[in-house]
Amino acid sequence: MAPTVLHLRSETKHLEHRSALTPTTTAELIKAGYIVNVERSPERIFDDEEFEKAGATLVPEHSWVDAPKEHIIVGLKELEEKDFPLKHVHVQFAHCYKQQAGWENVLARFPRGGGTLLDLEFLVDEHGRRVAAFGFHAGFAGAALALEVWAWQLNHSEPFPGVESYPNEDALIADVKKAVKEGVEAAGRLPRVIVIGARGRCGSGAVSALKKAGIPDENILDWDMAETAKGGPFKEITDSDIFVNCIYLTSKIPNFVNMESLQVPDRQLRVVCDVSADTTSPFTPVPIYTVATTFDKPTVPVDGLTSGPPLSVISIDHLPSLLPREASEAFSHDLLPSLLTLNDWQNSPVWARAKTLFDEKVATLPESALQK
């Protein structure tokens with residue numbers, strides 16, 4: 001039987017430097033008998049030569065379009081918005097299963113071309129737990145940025161400036177420590193931080209960043225379901241300098257904070273990092289802003305406050321891109337056991353579940369989307 005060919009495409013999303021495959025996991029796949037073709041990429045955090053040394057074959061950017069139908073196309077974020085049908089099996093995040101804007105056009109391209117989407121967001125084990133996710137590094141990056149914004153706000157009147165991806169974690173933490181020192185000089189003390197969802201992947205990443213930045217345990221309030229069971233809003237949030245929300249909800253619970261709870265004369269809260277970035281979700285427990293932020297403009301002010309310090313919200317939906325190397329290594333490492341079964345994906349439980357979900361979603365497409 002001919003070996004299975006995986007084709008790692010170059011990402012096209014702005015400022016996306018992460019990769020679903022790394023040189024490390026590529027070497028493991030090649031050792032297992034796969035052929036791995038890697039598109040050259042000016043954006044990817046890993047140099048092309050790193051993949052070449054791992055045994056991959058470098059191919060031109062965007063050459064996946066013309067690759068043989070049996071090649072499996074591996075990517076990370078959604079494809080560019082085009083209209084041509086898709087003939088391959090694609091492994092990626094597509095963001096079209098929750099009826100997001102334009103979902104019909106994105107999803108319909110696969111059945112129109114005879115292709116298949118195996119969506120990374122919905123790869124789950126037999127217990128329904130995701131086999132790989134970027135949660136830890138989302139929380140880590142979010143908490144790190146929140147500390148920088150806290151320090152910036154104490155020393156500047158203008159908005160926090162844009163940020164770029166870091167080559168590694170050490171470089172980010174060095175910048176955060178420098179910022180915290182400046183914040184302490186202005187405030188006379190270290191910040192108090194509350195993390196909700198602290199026991200999960202995302203929350204543990206946030207707590208890790210805080211500790212590496214020098215925030216002592218006594219200044220970190222690490223809450224999870226037991227602490228929030230009584231229902232918010234919570235005074236502990238407005239008593240803290242920074243609130244990091246690591247909870248992603250699919251049903252409504254009492255708000256952790258709202259505009260009314262912010263209107264207290266003794267509010268200390270200056271920064272909210274909503275790592276879940278559920279900006280317009282009706283389930284958000286942080287309904288104090290409506291604008292998603294970006295690396296170019298990382299914060300949005302909370303308007304309508306009558307007292308207390310300014311309040312900034314960070315709601316960047318691709319926070320792990322701040323640390324693309326470590327985030328990619330961790331994600332690809334967790335994904336590797338599943339990647340190693342792609343040569344028989346129809347009979348691999350993880351991929352078979354993803355295919356079943358794809359078929360269910362395709363069945364909901366309007367006929368008009370399929371007839372383009």
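Leaving aside neighbours within four places in sequence, which residues is Val 244 in contact with? They are Ala 143, Val 193, Ile 194, Val 195, Ile 196, Ala 206, Cys 273 and Val 275, where contact means heavy atoms within 4.5 Å. This is a predicted model, in which local features need pLDDT of at least 70 and side-chain atom pairs count only at pLDDT 80 or more, while totals for chains, interfaces and linings use all residues. Residues are numbered from 1 along each chain as its sequence is written, and side-chain values use heavy atoms, with hydrogens and water left out.

**Overall build**

- The secondary structure comes to 12 helices and 12 strands; helices (H or I, at least four residues) and strands (E, at least two) are DSSP runs numbered from the N terminus.
- The radius of gyration is 22 Å, close to the 21 Å of the globule rule for 372 residues, so the protein is as compact as a globular protein of that length. This radius is taken over C-alpha atoms, and the rule is 2.2 Å times the number of residues to the power 0.38.
- Along the principal axes, the C-alpha atoms fill a box of roughly 70 × 45 × 35 Å.
- Of the 372 residues, 53% count as buried. Buried means under 20% relative accessible area, exposed over 50%, and partly exposed in between (1.4 Å probe, protein chains only).
- Of the contacts with a separation of 6 or more, 74% are between residues 24 or more positions apart.

**Nonpolar cores**

- In soluble globular proteins, nonpolar side chains tend to be buried together.
- The largest nonpolar core has 42 residues, and Leu 147, Val 195 and Val 244 have the most contacts inside it. A nonpolar core is a set of buried Ala, Val, Leu, Ile, Met, Phe, Trp, Tyr and Cys residues joined through side-chain atoms within 4.5 Å.
- At least two residues of this core come from each of helix H4 (135-155), helix H5 (169-187), strand S7 (193-196), helix H6 (201-212), strand S9 (242-245) and strand S10 (271-274).
- H4 gives the most to this core, with 11 residues.
- Another core lies apart from it and has 35 residues, among them Ala 20, Leu 29, Val 38 and Leu 58.

- The 12 residues of H6 should span 16 Å at 1.5 Å a residue, and its end C-alpha atoms are 17 Å apart, which agrees. The expected span is 1.5 Å times one less than the number of residues.
- The buried residues of H6 are Cys 202, Gly 203, Gly 205, Ala 206, Val 207, Ala 209 and Leu 210. What covers them includes H4, H5, S7, strand S8 (220-223) and S9.
- In H3, Trp 103, Leu 107, Ala 108, Arg 109 and Phe 110 are buried. Their cover includes S5, strand S6 (116-119), helix H11 (349-362) and helix H12 (367-370).

**Aromatic rings**

- The whole structure holds 11 aromatic pairs. Rings of Phe, Tyr and Trp (its six-membered ring) pair if their centres lie within 6.5 Å; planes under 30 degrees apart count as stacked, over 60 as edge-to-face and the rest as tilted.
- The ring centres of Phe 93 and Phe 331 are 5.9 Å apart and their planes are at 40°, so the pair is tilted.
- Phe 93 is in the loop between strand S5 (89-92) and helix H3 (103-113) and Phe 331 is in helix H10 (residues 324-339), so the pair ties together parts 238 residues apart in sequence.
- Phe 93 is buried at 6% relative accessible area, and Phe 331 is buried at 1%.
- Ring pairs link Phe 93, Phe 134 and Phe 331 into a cluster.
- The charged end of Lys 77 sits over the ring of Phe 93, 5.6 Å from its centre. A charge sits over a ring if NZ of Lys or CZ of Arg is within 6 Å of the ring centre and within 35 degrees of the ring normal.

**Backbone exceptions**

- Most residues other than glycine have a negative phi, and most peptide bonds are trans.
- His 62, in the loop between strand S3 (57-59) and strand S4 (72-74), has a positive phi of about 65°.
- The peptide bond from Gly 232 to Pro 233 is cis, with omega near 0°.
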